[in-house]
Amino acid sequence: MRDLRRRTRRGRRTGRPAQERRRRGRVRLHPRQRPRSLGRRAAGRHGVPPRRGVRPGRPRHLPRGRRARPRAGRAVAGQARPRERLVRPRRMTRLPPALMPLWPVAKRAHRAATRTVGLAARAVGDGGPRSVPVRVSPTSRATAAAEPDHVRLHPVGPPLDLLRPLPAGRPGGLRFWDDVRVLRRPPRSVLEVEGGRLVGEAAATITPAGTLDRETSPYFGIRRPTEHPVHLRLRYPEPEHVAGTVVSLASHASARNYYHSLMDALPRWGLLQELFPDVRPDRVVVGHTTRWDRQLVAMVGLDALPLVEPTHALHLRADRLLVPAIDNQTTLAPPWVSAWLRTHLPARDVRDKPRRLYVTRGDRPNTRRYVQEDALLPHLERQGFVRVDPGTMSVQEQIDHFAAAEVVVAPHGAGLVNLTFAPPGVRVLELFAPRYLNPGYWAIVDNVPDSRYRYVVAEPVDRLRSERAMQGVQDDVDLPAAVVLEELEHLLAQDADGQEVPGRTDAGQDGTEHPRSPERGTP
């Protein structure tokens with residue numbers, strides 16, 4: 001048998017020829033290295049030897065020593081054929097960090113473009129399966145009432161009416177907290193649509209009559225129903241028909257943000273199982289391509305089902321469409337969501353985990369990082385704090401670390417969603433930039449029994465800024481370290497009612513007591 005090995009000019013072995021490796025699906029060749037037939041040597045295109053220094057089987061655009069990855073969807077020797085093509089998810093905010101100060105202007109331009117394109121699309125639409133929605137229904141109940149032959153609503157449990165106490169923090173008297181204290185939600189429900197469609201990366205729900213159901217198709221930052229990005233196209237691609245049951249767990253940002261994957265997507269699966277415990281869907285639309293999404297779907301058993309990634313090109317039409325509804329667009333964390341997550345994603349090992357955490361967001365500008373982190377950390381370390389970066393951990397490691405935490409200090413960021421798993425009595429100090437406050441983690445902490453929460457906002461603070469006027473989404477947090485330490489002392493001396501306990505001291509992780517210092521707040 002002809003020896004398939006050959007030596008290069010330097011005497012090194014290159015292994016099997018490139019055409020054999022390509023035949024086995026191990027490498028994708030550069031066009032200049034593809035042979036005309038498998039009978040030719042894989043030395044170059046049309047049998048012409050490649051230029052010196054280029055190995056057969058290594059594309060010219062790759063540096064020396066690296067090999068190209070197999071083409072997505074192609075079977076690799078010794079491995080199973082992938083079921084779905086992996087798609088790089090988009091960030092929740094599409095602009096790069098350097099351009100994030102332009103986000104408010106870009107968002108207004110996006111809303112205006114959506115209204116304009118949607119108006120033209122509805123004018124030229126023919127009402128067919130490729131047309132944009134002709135109307136918008138504000139609630140699933142109204143959608144079911146308008147199309148009783150094709151749409152049914154399955155509610156469960158009572159409505160939610162919750163008034164949370166105002167949090168303590170610096171400065172006090174902010175209008176923002178008054179705007180987010182009340183949480184009123186209709187009963188939890190699952191929308192069932194015969195012949196329903198799912199469109200776009202937000203998996204918007206559209207009925208056979210062309211109605212967009214707003215309750216199961218939320219989107220952040222819009223003020224009118226016609227600003228939903230589902231209207232940003234003149235026509236959709238031809239829908240893919242699925243003969244059977246399709247379940248949609250996708251939300252407006254679940255495939256781009258860890259918070260929304262955890263708080264919006266997974267609890268929808270729990271709600272569906274509560275109402276339809278015996279359903280076995282033919283497809284499940286849920287984000288599963290990011291590192292955290294792959295872990296999350298596996299932790300609740302969704303990886304055993306056929307999954308569909310919500311992308312811009314998504315357009316499915318199902319014989320039976322089931323869409324669980326969770327109204328968490330304002331990130332106010334319904335208590336049942338936190339309870340379901342703690343039950344189904346329990347901590348496994350909290351031994352040797354630090355009891356005091358400082359959660360970092362790195363050092364890249366315009367990422368909500370804490371600018372004076374280097375000045376603060378030495379003081380925190382003397383009190384037993386450990387710096388952690390949730391982005392470098394697995395999901396289970398994040399759960400275990402926060403399940404062991406007694407005190408958490410952090411700038412606002414998605415890693416704090418792991419406070420869902422914090423133990424009763426946890427104390428949290430959250431740092432904000434002046435133009436962007438978010439109630440999400442205050443609401444999560446409020447769901448933890450006997451917890452304490454405190455905030456501090458960097459200057460200059462507009463006390464009358466409303467919840468809808470929070471525009472500096474990625475602004476960095478620049479607070480003096482002495483201010484953070486002073487607020488930390490107030491947090492450690494705070495009782496269950498938000499009042500300070502006079503003369504209280506608090507021990508660090510090493511057991512050393514650190515008395516309060518009324519002058520500067522430093523230990």
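Trainee: Quick one to start: is Thr143 buried or exposed?

Mentor: Thr143 is buried, at a relative accessible area of 1%. Buried stands for under 20% relative accessible area, exposed for over 50%, and partly exposed for what falls in between, using a 1.4 Å probe and protein chains only. Keep in mind that this is a predicted model, where local features need pLDDT of at least 70 and side-chain atom pairs count only at pLDDT 80 or more, while totals for chains, interfaces and linings use all residues. Residues are numbered from 1 along each chain as its sequence is written, and side-chain values use heavy atoms, with hydrogens and water left out.

Trainee: Where is Thr143, and what does it touch?

Mentor: Thr143 belongs to helix H3, residues 140-146. Helices (H or I, at least four residues) and strands (E, at least two) are DSSP runs, numbered from the N terminus. Leaving out residues up to four places away in sequence, Thr143 touches Ser137, Val151, Thr207 and Asp213. A contact here is heavy atoms within 4.5 Å.

Trainee: What pLDDT does the protein average?

Mentor: The average is 79, and 74% of the residues score at least 70. pLDDT is the predictor's confidence in each residue, on a scale from 0 to 100.

Trainee: Which stretches stay under 50?

Mentor: Residues 1-92 do, and the model has 125 contacts for them beyond four places in sequence. Residues 503-523 are also below 50, with 46 contacts beyond near neighbours in sequence. Where pLDDT is low, the predicted coordinates should not be read in detail.

Trainee: OK, strands now. Why is S16 largely enclosed?

Mentor: Because five of the five residues of S16, residues 407-411, are buried. Val407, Val409 and Pro411 point one way, Val408 and Ala410 the other.

Trainee: Which strands sit alongside S16?

Mentor: Strand S14, residues 356-359, runs parallel to S16 and is joined to it by three bridges. Strand S17, residues 427-432, also pairs with S16 in the parallel sense, over five bridges. Two strands pair if DSSP finds at least two bridges between them.

Trainee: What are the partners of Val408?

Mentor: Leu357 stands opposite Val408, and in S17 its bridge partner is Val428.

Trainee: Switching to cores. How many residues are in the largest nonpolar one?

Mentor: It has 68 residues, and Trp177 and Leu419 have the most contacts inside it. A nonpolar core is a set of buried Ala, Val, Leu, Ile, Met, Phe, Trp, Tyr and Cys residues joined through side-chain atoms within 4.5 Å. Helix H5 gives the most to this core, with nine residues. The core draws at least three residues from each of domain 1 (104-339) and domain 2 (346-493), with bounds from an automatic or database domain assignment.

Trainee: And what is Leu419 in contact with?

Mentor: Setting aside neighbours within four places in sequence, Leu419 contacts Phe402, Val408, Val428, Tyr441, Ile444, Val445 and Val448. Another core lies apart from the largest one, with 22 residues, including Leu377 and Val409.

Trainee: Which residues are buried in H8?

Mentor: In H8, residues 373-382, they are Glu373, Leu376, Leu377 and Leu380. Seen down the axis they fall within an arc of 105°, so they line one face of the helix. The arc is that of the directions from the helix axis to the C-beta atoms. What covers them includes S14, strand S15 (386-388) and helix H11 (481-492).

Trainee: What about H7, which residues are buried there?

Mentor: Val337, Ser338, Trp340 and Leu341 are buried in H7, residues 335-344. They cover an arc of only 165°, which puts them on the same side of H7. The buried residues of H7 pack against H5, residues 258-275.

Trainee: Where does Ala203 lie?

Mentor: Ala203 is in the loop between strand S7 (197-199) and strand S8 (204-206), and it is buried, with a relative accessible area of 1%.
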